[in-house]
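Visitor: Can you walk me through this one? I'll ask as I go.

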Amino acid sequence: MSELPIAPASNGLTKAEKLDQLRRKMAAIPARSEGTAPAMPAVMLRSVDEPTPIVATAQTTLRTLPVPSPIAELLPRGGLARGTVASVAGTSSVLVGLLASVTAAGSHAAVIGMPDLSLLAAVEQGADLSKIAIVPAPKDSAVEVAAILLDGVDLVILGLSGAAVTPSRARAVVARARSKGAVLLVTEGHWDGVDLRIESRVAGYSGLGEGHGRVTGVQLDVAAAGKGFQRRTQRMEIRSDSGSVAWRTVPEVQATGHAPLRAAL
């Protein structure tokens, strides 16, 4: 189902052998799809503890990965800028929407350390499962796995399971994302110095009457803040319509209930 299958390593392998096994698998990954950043020349992979030189060009840093249109309104470039690291907190619907938008547009993605992320919800929003690699249980090698996958895919979603990544460890991964023109999304943990923070929470539901009905939509308050631009907030809705799921902006006159979220760097 995935073009980038990651088979579980034998429990008898050492950490170094597991990473070497992943590197060999990455060497077999085809170049990125047409319309995305150009494929990089094959190079010898370095250890994640050794920073990769930053060689990003205007071509990679100015390009973006697509996002649902209401989220695009919050971002200065209208998408996820290549070569950056972002954190996503709050509802999983935002992560699912980002994953769906990126793969539906033909780019490749990987999800690390998030076995409960709903791929069904992603498919309902148009995701292409053949372009998604899943590493559900990387154990203590999640950051290293993310660094390796940044060499071959456009978007890497990294679940930290509550962990905090040290600045020295983070810098090496950030440098690799920049050099490859990829995007790293971190969630469920702490990562210093991200370029963008997106936070969300459920604001309400539609389709329910008094004691009966069926949920047809979920309203979210979403906030974004980043380096070089001030906090922006927007209420939006994920709505099921005619068998598909779509995002839309909720007009201010309909946005009642919770106070707007505050996302701070």
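Visitor: Where is the place of Thr-91?

Guide: Thr-91 is in the loop between strand S3 (85-89) and helix H4 (92-104). Helices (H or I, at least four residues) and strands (E, at least two) are DSSP runs, numbered from the N terminus. This is a predicted model, in which local features need pLDDT of at least 70, side-chain atom pairs count only at pLDDT 80 or more, and totals for chains, interfaces and linings use all residues. Residues are numbered from 1 along each chain as its sequence is written, and side-chain values use heavy atoms, with hydrogens and water left out.

Visitor: Does Thr-91 count as buried or exposed?

Guide: Thr-91 counts as buried, at 16% relative accessibility. Buried means under 20% relative accessible area, exposed over 50%, and partly exposed in between (1.4 Å probe, protein chains only).

Visitor: What is Thr-91 in contact with, leaving aside its neighbours within four places in sequence?

Guide: Ser-200, Arg-201, Val-202 and Leu-220, once those neighbours are left aside. Contact means heavy atoms within 4.5 Å. With Ser-200 there is also a side chain to side chain polar contact, at 2.9 Å. A polar contact is a pair of N or O atoms within 3.5 Å; within protein, one must be able to donate a hydrogen and the other to accept it, and residues adjacent in sequence count only if both atoms are side-chain atoms.

Visitor: And Val-202, what is its place?

Guide: Val-202 is in strand S10. Its relative accessible area is 31%, so Val-202 is partly exposed.

Visitor: Which residues form the nonpolar patch on the surface?

Guide: Val-202, Tyr-205, Leu-208 and Val-215, with about 360 Å² of accessible area together. Strand S10 (residues 196-208) gives the most to this patch, with 3 residues. Patches are made of residues with over 30% relative accessible area and no salt bridge; like charges are joined within 9 Å, nonpolar side chains (Val, Leu, Ile, Met, Phe, Trp, Tyr) within 5 Å. A salt bridge is a side-chain nitrogen of Lys or Arg within 4 Å of a carboxyl oxygen of Asp or Glu. Accessible areas come from the Shrake-Rupley method with a 1.4 Å probe, and for residues only the protein chains shown count as cover.

Visitor: Changing topic. How many residues has helix H7?

Guide: Helix H7 (residues 167-180) has 14 residues. From first C-alpha to last it reaches 20 Å, close to the 20 Å expected at 1.5 Å a residue. The expected span is 1.5 Å times one less than the number of residues.

Visitor: What covers the buried residues of H7?

Guide: The cover includes S3, helix H6 (142-149), strand S7 (164-165), strand S8 (183-187) and strand S9 (190-191). Among the buried residues of H7 are Ala-170, Val-173, Arg-176 and Lys-180. Just after H7, Gly-181 takes a positive phi of about 70°.

Visitor: Which residue has a positive phi of about 60° although it is not a glycine?

Guide: Lys-139. Lys-139 lies in the loop between S5 and H6, and counts as exposed at 66% relative accessibility.

Visitor: Where is Asp-140?

Guide: Asp-140 is in the loop between strand S5 (132-135) and H6. At 58% relative accessibility, Asp-140 counts as exposed. Not counting residues up to four places away in sequence, Asp-140 touches Lys-15 and Arg-169.

Visitor: Last one. What does the side chain of Ser-118 reach?

Guide: The backbone nitrogen of Ala-121, at 3.0 Å. Ser-118 is in the loop between strand S4 (109-112) and helix H5 (119-124).
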